[in-house]
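Please look over the model shown here before reading the numbered points that follow. They take up helix packing and then a few individual residues.

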Amino acid sequence: METVLDSTQPLPVVVDNSKSRYSRLRPLSLGDVRLLDGVLESRRRVNREATLPSQYDHLEQTGRLDNFRRAAGKLDAPFRGVYFNDSDVYKWLEAAAWTLTSDPDPELERMMNAAIRKIEDAQQPDGYLNTYFTFEKASERWTDLTHKHELYCAGHLIQAAVAHHRATGSQRLLNVARRFADHICDTFGPEEEGKRLGTDGHEEIELALVELYRDTGDRTYLDQAQFFVDLRGHGLLGGRTYHGVHGLLGGREYHQDHKPLREMREMVGHAVRAIYLNAGAADLYAEMGDPTLLEALEQMWHNMTTRRMYVSGGIGSRYEDEAFGEDYELPNARAYAETCAAVGSVMWNWRMLTIDGDARYADLLEHTLYNAALPGLSLDGHSYFYQNPLSDSGAHRRSPWFGVACCPPNVARLLASLPGYLYGVSDHGIWVHLYAEGTAEVSLDNDRTVVLRQRTQYPWDGDVEIEVNGESEFGLMLRIPAWCEEGGAIEINGDPFDGSASPGSYAEIRRAWRAGDKVRLSLPMPVRCVECHPYVAENAGRVAIMRGPLLYCVEQVDNPGLDLRDIVLPAEASFSVQYRPDLLSGVAVLKTLGEIIPPDEKWRERLYRRARPRTDAPQDTTVEVTTIPYYAWANREPGPMRVWLRSRFPLR
Ligand SMILES: [Zn+2]
């Protein structure tokens, strides 16, 4: 038998801050939360049934698993792929492990154990493990920390190992990860201890080491994570640039090495690197409570959300360096908005949320999950976006795999761990962060266990019923999203709740609960036309359409014969909401009437002309315009897509 349960079975929680001194909220175990239906569960099911098996095939066919056989001396063949490809195997393993917590699957377990065996065999006698730096490259170990991602790969190994340990109880992969982590701790550290000053050009090791500390109780790993975070900003990285796929890469900002993290106030450089660093720094804060760390993270969050983030929640607006742009630099067609950066944003926001329970982090987590991470995976679960533009000619399509395949297994591990993001527990009681059909079994501080049953069609409508089963006094904290400007309406067993349910906060319902008590939460979901800060020039005079947590877009296939560029929405556009179970795995489409205003005749063969006050009157003819959730675009025949539509809303 491959999986051996040890006597102290750990709980399968994604981020185990249950003992973190500076965390307000504790997580629920993945095994205690069941998603039963709805958008999130259907995406998770596709991930389990289609994505994970097909990704394993890609890992085999592209040589990523063969690289481990080769490193173990069991295959006489050249290294294949890119030097950080091991990380794809590790992220897949993490996804597989989380999946097994709720859905036993012998075939998935067989694949997982086969991969783990190869990893065990490939580990070097001193604990080092990276299949690129073996044999002929062994002398190049740790010689190019800025570019070669050895600690990044180690971080993903550690995350996979912790997930595998928590999901199965087996210490097999954890033992591999600890040997490598010990080797890292022996190698890197203060020079006065005879160690090397060095950290990785691509962050990831930091959050992984904190989680390894949480899983093992070995404080060495936490100190090592702090060492790696503190080392940034001292010019060890990013002095050089190199040619990447999209031009010159590198530099100190690219690697978040331009200043110490505690002094950072803006999100800069490579977006995935930056967001992983911040997730790791939030983990450090949760353990150590250094206020200067939290202050920097809050300031960077403010900078990101008020100046450097797409309306989708996507981040990283430049192809060049896959990086954050300047303030308000948010091009739509040329948006980079890497799927990995969205996954990283979910990870960072989750950690910020658990530190202080501020609903703004849960709002952004939900928004990013639905509108920036989910678009990364096709509805059939077999192809992926790396970049997520907000307008397109029809040429940008998902790919079945990539040479640099960071995004596919990243979205897989997020979907596999989704149940872990729905709830939290604190001294106050039970926090409901996300709404979805399902159940949660919650152990309270008073040793009572309560089962919550959520019934809802969310995100298609905002009615949520929560049935409480169990008898105890506690606060039930329901998130009232900031988008719900009217505030939420709450009834308890049919009686109105007289507390506050204002947008952007948690409504606290504290009472002695009795089995069968029912809470009804109603979150009005009118369609919202959203405008953009005027400094984002290309969104001037345009609106994006949102309903509930979802961003919408127009796609050509639903609007045949229309040039999407000519659609102008009236200032008082009214929308109909129509749930279509047959369409795009079941979506609510929004329909409205729009004008079609093509450029007038005087624009023929001209790009510029003298400006005159606009005089065009409302058009007599209107056309029906159909919009679909942005996460579901590019799943049918190719054609133009747009998020931002021209509008008669006044410009300010
Ligand atoms: Zn990626």
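1. The crossing of H8 and H9 is left-handed, a crossing being called left-handed if the near helix is turned anticlockwise from the far one by less than a right angle, and right-handed if clockwise. Helix H8 covers residues 219–231 and helix H9 residues 271–288, and the two pack at an angle of about 130° with their axes 10 Å apart. That makes H8 oblique to H9, given that angles under 35 degrees count as roughly parallel, over 145 as roughly antiparallel, 65 to 115 as roughly perpendicular and the rest as oblique. The axes are lines fitted to C-alpha atoms, for helices over the stretch in contact, and the angles run from 0 to 180 degrees between N-to-C directions. On the H8 side, Arg 219, Leu 222, Ala 225, Gln 226 and Val 229 meet Leu 277, Leu 284, Glu 287 and Met 288 of H9, where contact means heavy atoms within 4.5 Å. By class, this contact of H8 with H9 holds six nonpolar, one polar and two charged residues; Ala, Val, Leu, Ile, Met, Phe, Trp, Tyr, Cys and Pro count as nonpolar, Asp, Glu, Lys and Arg as charged, and the others, Gly among them, as polar.

2. On provenance and numbering, this is a predicted model, in which local features need pLDDT of at least 70 and side-chain atom pairs count only at pLDDT 80 or more, while totals for chains, interfaces and linings use all residues. Residues are numbered from 1 along each chain as its sequence is written, and side-chain values use heavy atoms, with hydrogens and water left out. Helices (H or I, at least four residues) and strands (E, at least two) are DSSP runs, numbered from the N terminus.

3. Helix H4 (residues 106–122) packs with helix H5 (residues 150–168) at an angle of about 130°, their axes lying 13 Å apart. That makes H4 oblique to H5, and H4 passes H5 in a left-handed crossing. The residues that meet are Met 112, Asn 113, Ile 116 and Ile 119 from H4, and Leu 157, His 164 and Thr 168 from H5. Sorted by class, the contact of H4 with H5 has four nonpolar, three polar and no charged residues.

4. For helix H10 (residues 291–307) and helix H12 (residues 359–373), the packing angle is about 45° and the axes are 13 Å apart. H10 and H12 are therefore oblique to each other, and their crossing is left-handed. Here Glu 298, Trp 301, Met 304 and Thr 305 in H10 meet Arg 360, Tyr 361 and Leu 364 in H12. The residues of this contact of H10 with H12 divide into four nonpolar, one polar and two charged.

5. Gln 55, found in helix H1 (residues 39–61), is buried, with a relative accessible area of 1%; buried means under 20% relative accessible area, exposed over 50%, and partly exposed in between (1.4 Å probe, protein chains only). A polar atom of the Gln 55 side chain lies 3.0 Å from the backbone oxygen of Pro 408. Apart from neighbours within four places in sequence, the residues in contact with Gln 55 include Trp 92, Tyr 384 and Trp 401.

6. Tyr 423 lies in strand S6 (residues 423–425) and is buried, with a relative accessible area of 2%. Its side chain makes a polar contact with the side chain of Gln 454 at 3.0 Å, a polar contact being a pair of N or O atoms within 3.5 Å, of which, within protein, one must be able to donate a hydrogen and the other to accept it, and residues adjacent in sequence count only if both atoms are side-chain atoms. Not counting residues up to four places away in sequence, Tyr 423 touches Leu 28, Val 33 and Trp 350, among others.

7. Which residue's side chain makes a polar contact with the side chain of Glu 465? The partner is Arg 520, at 3.2 Å. Glu 465 lies in strand S10 (residues 463–469) and is buried, with a relative accessible area of 11%.

8. Thr 456 lies in strand S9 (residues 449–456) and is buried, at a relative accessible area of 9%. The backbone oxygen of Asp 463 is 2.8 Å from a polar atom of the Thr 456 side chain.
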